[in-house]
Amino acid sequence: MTTTFKDLGLSDACLSQLEKLGFTEPTQIQQDAVPALLDGKDIVGQSQTGTGKTAAFSLPALEIVDANDRAVQALILTPTRELAQQVGQAIQDFTAKEQRIQSLTVYGGQSIERQISKLRRGVQIVVGTPGRVIDLLERRELVLDELKLAILDEADEMLSMGFIDDIKKILRRTPEGRQT
């Protein structure tokens, strides 16, 4: 029997958006990760490039955050600005208008003032590189007190690039009960 996105427990708004984007059947990593994340479990996912890992963590993140709460509730860390941009664009693509969820991509080489301005207006999901996230945390512009979900995209790459101390520093600023 074929598994569908509906079988994974996604909302109608999310299913409708996936249909608009032409997604028909979930990949294996999506079948494994989405229900586990929606159930509140911490997971480690590993899959080849091009298998839909971004959707596997982005779709549950969009379901978990509360659109009525303007606080940052999901943080996605990426090792490079290019990956941050790709993930940020995917989050925007996956977000249905009726979900009313705001996201922001933060990385160096981009105006920090613009990022701060958007943070102050309220966003539920932040995608960023460790360096810029730490900068915003130290400026007290990024507050992670209400974080529900921390995602380390390409964690192995971040570790091999020497980001372990930065990741630890960021995660120490998040609630103990958050999902990872």
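Analyst: Helices (H or I, at least four residues) and strands (E, at least two) are DSSP runs, numbered from the N terminus. With that naming, threonine 78 is found in the loop between S1 and H4. This is a predicted model, in which local features need pLDDT of at least 70 and side-chain atom pairs count only at pLDDT 80 or more, while totals for chains, interfaces and linings use all residues. Residues are numbered from 1 along each chain as its sequence is written, and side-chain values use heavy atoms, with hydrogens and water left out.

Threonine 78 has a relative accessible area of 0% and is therefore buried (under 20%; exposed is over 50%, partly exposed in between, with a 1.4 Å probe and protein chains only). A polar atom of its side chain lies 3.2 Å from the backbone oxygen of threonine 80, and a polar atom of that side chain lies 3.3 Å from the backbone nitrogen of alanine 84. Leaving aside neighbours within four places in sequence, threonine 78 is in contact (heavy atoms within 4.5 Å) with residues including Leu83, Val127, Asp153 and Met158.

As for the sheet, its 4 strands form an open arrangement in the order S2-S3-S1-S4, with parallel pairing (two strands pair if DSSP finds at least two bridges between them). Strand S2 (103-106) and strand S4 (149-152) stand at the edges with a single partner strand each, so one side of each is left without a neighbour in the sheet. Strand S1 (residues 74-77) is joined to strand S3 (residues 125-128) by 4 bridges, and leucine 75 stands opposite valine 126 in S3.

Methods:
Polar contact = N/O pair within 3.5 Å; in protein donor to acceptor, adjacent residues only side chain to side chain.
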